[in-house]
Amino acid sequence: MIICRRQVEPLRIGIRITLLRETPLRNSASLALAAVLLGGCAPVTANETQAQPFVPVYTVNFPDPFVLPHEGRYLAYATNAEADRANVQMAASEDLVTWAPLRTDEGKLHDAMPVLPVWAQRGWTWAPEVLAHQGRYLLFFTARERASGRQCTGVAVSADPMGPFTSDAPEPLICQRDLGGTIDASPFRDADGKLYLYYKADANAVGKPTDIFVQPMTADGLGLTGEPVTLLTNDKAWEAHVIESPTMVRRGDDYVMFYSANHFGWEPHQRLSPYAMGYATCAGPMGPCTDAPENPILYSYADRKVGCLSGPGHQAVFEAEGRQYIMFHAHIARGGCQNARKGRQMYIAPLGWRDGKPVIGNSLRPAAGK
């Protein structure tokens with residue numbers, strides 16, 4: 001991560017870059033300016049020496065979010081809604097700043113996957129990601145396997161990104177039961193059209209070290225081929241007992257894999273959540289990968305000037321109108337950066353690059369009064 005501005009570090013400010021305040025996507029002039037500035041470090045003026053706070057674009061409990069641009073608007077998917085109201089909840093936006101939940105004609109939350117496959121138990125559907133492929137949409141998800149009680153990875157199909165996504169598979173796509181299960185599946189299509197699936201062995205659930213794996217996929221995206229390859233292991237102090245949520249990005253000939261690490265929660269004894277985000281550089285889609293020495297690149301902070309962010313992570317990267325954005329969740333806080341105990345909300349910021357390293361811009365939604 002490139003630091004272009006002075007950091008404010010009263011507790012431990014999340015390392016990030018604040019190059020400009022973003023405006024809604026409809027402003028093409030601002031988009032052009034943003035694209036130039038995010039290509040490198042902009043000059044710093046006297047009134048731009050302080051970091052700007054991250055502000056959520058969606059303030060309801062919407063964990064593990066993923067965005068799919070579709071026909072002029074943006075569809076977001078997230079982990080199951082509270083009180084079993086939806087296995088895969090969804091929200092929509094026309095500008096990435098203002099979001100609203102998708103609902104049925106009866107006013108209930110829209111469920112992108114209302115019926116789970118026979119192997120899955122309701123109430124444990126996590127981390128959905130959607131891939132448009134061969135004229136249809138593939139939903140990769142985590143769910144609890146009835147037989148083993150482990151969290152496992154499945155894939156469902158729909159002709160419409162709104163769903164309903166369905167799967168008649170009798171068992172998960174992958175489930176490393178001896179390693180505690182398999183979660184956080186993330187598909188990646190390389191420039192040559194080949195598909196790969198990145199996922200995490202849920203070994204921390206059984207007291208073992210955790211690894212992030214990659215495996216080639218079949219041409220239709222519904223199966224896996226070859227053998228899984230280990231890309232990363234939780235071997236750094238900041239990662240603690242877990243690494244997860246892999247996101248592979250290609251830029252030219254360079255491959256960068258974002259990931260999250262440490263405990264995702266915000267426990268009563270903790271001032272802030274230890275969850276944080278890092279990245280690794282990779283030689284190719286199958287690795288090998290090397291952790292960035294400046295990790296973590298985004299982590300919790302609390303400051304009267306730059307606000308509050310607790311437990312940022314489970315990132316995803318997407319493109320809109322020719323630009324890249326990074327999204328993630330963080331815990332909902334109340335005054336004084338205290339845990340509101342209302343779940344995790346969604347954040348979006350521009351993603352730029354400098355010398356092959358990621359540069360995270362200002363929140364799309366500015367702070368009040370800015």
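How do β8 and β9 pair, in the parallel or the antiparallel sense, and over how many bridges? The sense is antiparallel, and β8 and β9 share 6 bridges. This comes from a predicted model.

Start with the chain as a whole. The protein chain holds 1 helix and 21 strands. It has 370 residues, and 59% of them count as buried. Take the contacts in the chain with a separation of 6 or more: residues 24 or more positions apart account for 54% of them.

Strand β8 covers residues 182-189, and β9 covers 195-201. P187 has L197 in β9 as its bridge partner. Between the two strands of the hairpin sit 5 residues, and G193 takes a positive phi near 90 degrees. β8 is mostly covered, with 7 of its 8 residues buried.

Side chains of opposite charge can pair when their charged atoms come close. D190 forms a salt bridge with R250, and the closest N and O atoms are 2.7 Å apart. D190 lies in the loop between β8 and β9, while R250 lies in strand β12 (residues 243-251), so the pair ties together parts that are 60 residues apart in sequence. D190 is buried because its relative accessible area is 7%, under the 20% limit. R250 reaches 30% and is partly exposed. The pair belongs to a network of salt bridges that links D190, R250 and D253.

Strand β12 also pairs its charges with β9. The side chains of K200 and E244 meet in a salt bridge, 3.4 Å from N to O. K200 lies in strand β9 and E244 in strand β12, so this pair ties together parts that are 44 residues apart in sequence. K200 is buried at 0% relative accessibility. E244 is buried too, with a relative accessible area of 10%.

How many salt bridges does the model hold? The count comes to 10.

E239 is buried yet has no salt bridge. Which side chain of opposite charge is nearest to E239? K236 is, at 5.7 Å. The side chain of E239 does make a polar contact with the side chain of Y259, at 2.8 Å. Leaving out residues up to four places away in sequence, E239 touches T233, N234, Y259, A261, N262 and D291.

Move on to a sheet further along the chain. Strands of a sheet pair through backbone hydrogen bonds, either parallel or antiparallel. Here 4 strands form an open sheet in the order β18-β19-β20-β21, with antiparallel pairing.

β20 spans residues 338-354, and it pairs with β21 in the antiparallel sense over 4 bridges. R354 stands opposite K357 in β21. R354 also has a charge partner: its side chain meets that of D355 in a salt bridge, 3.9 Å from N to O. R354 counts as partly exposed, at 30% relative accessibility. D355 is exposed, with a relative accessible area of 65%.

Strand β20 also holds M346. Is M346 buried or exposed? M346 is buried, with a relative accessible area of 0%. Setting aside residues up to four places away in sequence, M346 touches P56, V57, Y58, F62, P65, A76, W99, M327 and F328. P312 is 34 residues from M346 along the chain, and their C-alpha atoms are separated by 9.5 Å.

Notes
Residues are numbered from 1 along each chain as its sequence is written. This is a predicted model: local features need pLDDT of at least 70, side-chain atom pairs count only at pLDDT 80 or more; totals for chains, interfaces and linings use all residues. Side-chain values use heavy atoms; hydrogens and water are left out. Two strands pair if DSSP finds at least two bridges between them. A salt bridge is a side-chain nitrogen of Lys or Arg within 4 Å of a carboxyl oxygen of Asp or Glu. Buried means under 20% relative accessible area, exposed over 50%, partly exposed in between (1.4 Å probe, protein chains only). Lys and Arg count as positive and Asp and Glu as negative; His and the chain ends are not counted. A polar contact is a pair of N or O atoms within 3.5 Å; within protein, one must be able to donate a hydrogen and the other to accept it, and residues adjacent in sequence count only if both atoms are side-chain atoms. Contact means heavy atoms within 4.5 Å.
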